Amino acid sequence: MQLRYAFRMYPNGPQRSALARAFGCSRVVYNDALRARETARMEGLPFVTSAELSKQVTAAKKAGERAWLSEVSAVVLQQSLRDLDTAYRYFFDGLKGKRPRMGAPRFKSRKDNRQAVRFTANARWKITNGGGLSLSKIGDVRVKWSRTLPSVPSTVTVIKDAAGRYFCSFVVETGTDDTLPEVAGQAGIDLGLTHFAILSDGTKIDSPRFLRRAEKKLKREQRRLSRKAKGSNNRTKARIKVARAHARVADARREFHHQLSTKLIRENQAVAVEDLAVKGLARTRMAKSIHDAGWSAFLTMLEYKAARYGRTLVRIGRFEPTSQVCSQCGVKDGPKPLHIREWECSACGAVLDRDINAAVNVAKAAGLAVSACRARVRPGLVPAQREEAGTRRDGQPTVVGISSL
């Protein structure tokens, strides 16, 4: 399978200028190619092919008004055309129903806070002996390597995010030797807001609420940004501060998701989760808390890590009544408001924790062999069955089928 590895880059002043030049040239080539295709469409002409666009880029570098395109690597410009082809392919596949519908390709703005360029093997980039990343017409950029790449990548993407940080991203092929030894553990997971995850064994993992904790600082930085004059350098500095504050929140949430997903995959042979409609839930009054939890990103990590390490991940339907069924006897007791966190089964009398009970039912719906003993908070009074024992009006005990002597 393919995995993406990203590492932090620290370019110096001249290298940042060269990267800014590469970002700008890539954007201009993309917009020129998109404009050529849109003009041909409106005039009723045939679709402009990639080969024709490549010839136009080569001719533009020889002309006076676009001669500065030759200051960057030609591979960067060609990859920009490939990105436009990918955008059109996704758009047409969405119209044909082969993938979710996407909008038509749009022009890129120089005011976009996120920029990216891609270097292929033809650009002759390499990792130097000193640990730097050598890029064509940019130089040897210092990189902080946090881990070793499992294989030699063929391309590298240089990214500048909204916070002004630089990253180099590699897509590499992983081997088949990552499979972990088999374990006996199996777990069902119920995701929530008060507790981020509740496991079928009764473990409750608190929700860190990174956005809620940083909300005060974010509001302060956002107010400072709103007071700055548009187009001024102070506004640019304030915008970067806001972006860095949001980046810290996103990084902390991503680290939490990685640690928890890795722990669950290592300790369990099979994991069951519920297929949540996150987009629908994000349109409710709990939207901010749902986005803060980041359920979709967490489930995506569970999915690819299970595939990588030889584990089983089962997604059950979102309409499965996990919160309405008693995990002890299996009787459906009906829907319950969100403020009810414990409930007593009307059939067996078990007092159940709502979240743990749901996690156990998620595991059972996925076909996992888990115990439901931890779903009970405390034993309830089990009422006597009418058909088994009772008392006559005269006070004499009786048992069904045997008269009292």
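**Reading the Surface and the Aromatic Pairs**

Trainee: Why is Arg8 called partly exposed?

Mentor: Arg8 has a relative accessible area of 29%. Buried means under 20%, exposed means over 50%, and partly exposed covers the values in between (1.4 Å probe, protein chains only). The value for Arg8 falls between these limits, so the residue is partly exposed. Arg8 is placed in strand 1 (residues 2–10); helices (H or I, at least four residues) and strands (E, at least two) are DSSP runs, numbered from the N terminus.

Trainee: On what basis are such values given?

Mentor: The model is predicted, so local features need pLDDT of at least 70 and side-chain atom pairs count only at pLDDT 80 or more, whereas totals for chains, interfaces and linings use all residues. Residues are numbered from 1 along each chain as its sequence is written, and side-chain values use heavy atoms, with hydrogens and water left out.

Trainee: What makes the pair of Phe47 and Tyr88 edge-to-face?

Mentor: A pair of aromatic rings is described by the distance of the centres and the angle of the planes. Rings of Phe, Tyr and Trp (its six-membered ring) pair if their centres lie within 6.5 Å; planes under 30 degrees apart are stacked, over 60 edge-to-face, and the rest tilted. The centres of Phe47 and Tyr88 are 5.6 Å apart and their planes stand at 80 degrees, so the pair is edge-to-face.

Trainee: Are Phe47 and Tyr88 buried, partly exposed or exposed?

Mentor: Phe47 has 45% relative accessibility and is therefore partly exposed. Tyr88, at 7%, is buried.

Trainee: How many aromatic pairs does the whole structure hold, and which residues do ring pairs link into a cluster?

Mentor: The search finds 10 aromatic pairs. The cluster consists of Phe7, Trp125, Trp145 and Phe170.

Trainee: What makes a group of residues a surface patch?

Mentor: The members have over 30% relative accessible area and no salt bridge; like charges are joined within 9 Å, and nonpolar side chains (Val, Leu, Ile, Met, Phe, Trp, Tyr) within 5 Å. A salt bridge is a side-chain nitrogen of Lys or Arg within 4 Å of a carboxyl oxygen of Asp or Glu. Phe47, Phe92 and Leu95 form a nonpolar patch with about 280 Å² of accessible area together, by the Shrake-Rupley method with a 1.4 Å probe. Leu95 lies in helix 3 and, at 45% relative accessibility, is partly exposed.

Trainee: Which residues form the positive patch?

Mentor: The patch consists of Lys216, Lys217, Lys219, Arg220, Arg223, Arg227, Arg244 and Arg248. Helix 5 (215–226) and helix 6 (233–267) are the elements that give two or more residues to it, and helix 5 provides the largest share, five residues. Lys and Arg count as positive, with the charge placed at NZ of Lys and CZ of Arg.

Trainee: How do you know that Lys216 is exposed?

Mentor: Lys216, in helix 5, has 68% relative accessibility, a value above the limit for exposed residues, and therefore counts as exposed.

Trainee: What is the phi value of Arg124, and what is that of Arg209?

Mentor: Phi of Arg124 is near 60 degrees, a positive value in a residue other than glycine. Arg124 lies in the loop between strand 2 (115–119) and strand 3 (126–127) and is exposed at 73%. Phi of Arg209 is near 55 degrees, also positive, and Arg209 is partly exposed at 40%.
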